[in-house]
Amino acid sequence: MTVLFDIIASVGLWGAVLRIATPLIFGTLGALLCERAGVLNLGIEGIMTFGAMIGWLSVYHGADLWTGLLIAAIAGGVFGLLHSGLTVTLGLSQHVAGLGVTLFASSFSYYVFRLIVPTAGTPPTIVPFQPIAIPGLSTLPFIGPAFFTQTAPTYLAILIALTLAYILFRTPLGLAIRMTGENPHAAEAQGVNPMKVRYGAVIAGSALMGMGGAFLTLSAFNSFFPTMVQGRGWICIALVVFASWRPGRALFGALLFAFFDAFQLRLQTAVDGVPYQIFLMTPYVLSIVALAVMARRARVPQALMQPYRRGER
Amino acid sequence: MTSPVLEIEGVSKRFGANLANDDISLTLAKGEIVALLGENGAGKTTLMSILFGHYMQDAGRILIDGAELPPGKPRAAIRAGVGMVHQHFSLAPNLSVLENVMTGTEKLWSWRSGTSAARKKLLAISERFGLKVDPGARLGDLSVGEQQRVEILKALYNDARILILDEPTAVLTNIEAEKLFATLKQMARQGLSLIFISHKLDEVMAAADRIVVLRGGKMVAKRTASETSKAELAELMVGRRVTRPVREPSTPGAVALEAAEVTVKIDGVERLKSISFHLREGEILGIIGVSGNGQAALAHLLSGTLSRTSGDLLLFGEAIGNPGVADVVGAGIGRIPEDRNEEGVIGEMAIWENAVLERISASAFSQHGLVNRKAGMAFAKQIIDQFDVRGGSPASRTRLLSGGNMQKLILGRNLHRRPRILIAAQPARGLDEGAVAAVHARLLEARRQGTAVLLISEDLDEVIALADRVQAIVGGRLSPPVEAEAANARKLGLMMAGEWQETREPDHAL
Ligand SMILES: Nc1ncnc2c1ncn2[C@@H]1O[C@H](COP(=O)(O)OP(=O)(O)OP(=O)(O)O)[C@@H](O)[C@H]1O
Ligand SMILES: [Mg+2]
């Protein structure tokens, strides 16, 4: 039992929680934004992979870190454009289009990666974002080193979560987005163009996904390898449901998952005699449990996954 | 007369081979109420959708205060002062009343929604027109009547001067409808111009200044209310005289369905309180009542989608458990659900698919787990021909049918195989005179052939014309039956108000 307490009381654990959570926060917010407008974006896994690759590649070729992050966001937006072209304009199945985008973006990342790193050897590294100590707060005992000594994109992710919550619930644009996800016909009847709203939301959401991917190569790690996203995109899709489509709860959900993950990582080394795969599994099992409990009360956007065709009832 | 606020000039619209609007012209003056009449599929909704910019017309133009409205732009229509209350409400159930009203009313790219100012404006409008709402309520929690109020408020909030209402009373109770028309008249007095669509000739005669009749996409008549009559309007709509069929006396057969002290609880609330009735072959039992008094629970119970809490159900004399939908269909019970869009058909699927859906595993429509498309298509074609479903072929999507034609499809699907029992909930709701007559004729024919029909309705005339016996449903309780011969509008009206309860259960009297 004391092992558990030791782990929980360690600064390292809490520092890791925020680090692990950051890509999930970006990804979950991105998926949430798309879904609030009524579009399920299963392209997320591939878009994150591509964001990770292109961000790393840009920096490797001399761009500064922020430019790398921006390029990843733009690349994500381009895939968002593709996804909305398929699902909004053509009205195709959102599942199929999303999986298509994921397959395409993942393979394309691998292709580009192999052009740069033709041999199997270790890929070249870059100098990633360095932790920033927030003046005044970082010196607090325990809390300081755990929460206020993170890299800049982590602070950015939290800021974006708050901003997105504000936009969705306090601005006319947010209302237009929510209305489009609930009933595009009603939005249209009020003079809002649901097509434009969906395009905008999917592009912006995909840009966030791209940034989430880029965090992996530009901050959490210093290099790229093709399998590094490791299903984080799918976790984000589940977290959106867990969060009942609310950015604040998405932030919480991402942190909770990251906590489980950081915790099991430390348990693996601290406990002998249990196959480490058991620990590896726990965050996912707990996520499923949490999802099952939370999702029952969730209010799904009513028009999620329904293509909108103009001039039809 | 002053110059008109609205002029529709020579508007035409074609859907494929179907000319939904054919060179229609119409004007509207300030403070005037015009009723738009026409059969199901006559093109009323299409015309109004063009006016509002949902659809783009193929020809013709629309002028507001003499200025032409750009086609296909709802935003421009809203700005010009046109408001529309849709036939199928366009509201978001998960959002609040205020949010529903506010959407799209502010500049999209501003930093803050002016929520409190909007709330004030909404309350002021609701005060001025006597349309009470709670701005903070979740829309999905409101009754249908309240939701409609929100639709109207939405239009008024956008400073509409021309208000279009597409079948506003189709889903309202009589009392709600009366209130609505009082409000509309008050609006007209305050200078608003209104166009409303309706199939109910009584309310058209009572509320409209002028009446415009469409038939088959063409405008066939314009009348002022004072110079026409219900009979003339009915004839103009259908193009021939329509008379609703009447019931002939007959002797009913054995008891087909019996309920003994059945109680249904949903989420702890008793929706049906110890109700008893029996239904015989070859008779129509009318269940009359103001909507929302347990009709939905009763229909769902007998359709196999709801379980009872206590009491007995007997089917042809045999006690049955809680039947599932498959059991119900298997036992030869036909069902006409109250909400055809939600429970009757799947709009995205083809007409033929909807026609066979209930019995897709029957050998006629599938072999070895494969659907027999040809048989399905042929069956749908039969229904379309026999039941006069207009506006679609077996392969077209069901959503494109007008409400009345959808109902005919559902009716056809059920009656085609001569069900032994038919549960018909509000079967003529939203239908035009001709279609009502057709539906009634079909129900009577089914009765003649020995089907036991349970007719759940809130339309007194309908029940008096069709039912052999009538029971009223009030607050989940069922009155004892009265014979049709002994029933008249007054007596049934009293029963709907729960009058029978006083004598039977003195402890419940006020
Ligand atoms: N989007 C569409 N695509 C194809 N056909 C359509 C479309 N909308 C309407 N129609 C057809 O146009 C005709 C007119 O339909 P409309 O909805 O205007 O009728 P309506 O007079 O409002 O009928 P109801 O009283 O049943 O509401 C119908 O035959 C309908 O099937
Ligand atoms: Mg209509």
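## Terms and model

A cavity is a set of points, on a 1 Å grid over the protein atoms alone, where a 1.4 Å probe fits but cannot get out. Grid points are joined across faces, edges and corners, and a volume is the space filled by probe spheres set on the points. Lining residues have an atom within 4 Å of a point.

The model is predicted: local features need pLDDT of at least 70, side-chain atom pairs count only at pLDDT 80 or more, and totals for chains, interfaces and linings use all residues. Residues are numbered from 1 along each chain as its sequence is written, and chains are lettered from A in the order in which they are written.

## Largest cavity

There are five cavities of 30 Å³ or more. The largest has a volume of about 110 Å³. Its lining includes F242(A), F257(A), F260(A) and S287(A). Helix 11 (232-242), helix 12 (247-270) and helix 13 (276-295) of chain A each give two or more residues to this lining. Helices here are DSSP runs (H or I, at least four residues).

## Second largest pocket

A pocket is an open set with protein on both sides within 12 Å along at least five of seven lines. The second largest pocket holds about 1100 Å³ of space. It is lined by 42 residues; K200(B), L201(B), D202(B), D459(B) and D461(B) lie nearest its centre. Helix 6 of chain B gives the most to the lining, six residues.

Domain 1 (6-238) and domain 2 (255-351 + 402-496) of chain B both give lining residues, so this pocket lies between them. The domain bounds come from an automatic or database domain assignment.

Note on methods: Side-chain values use heavy atoms; hydrogens and water are left out.
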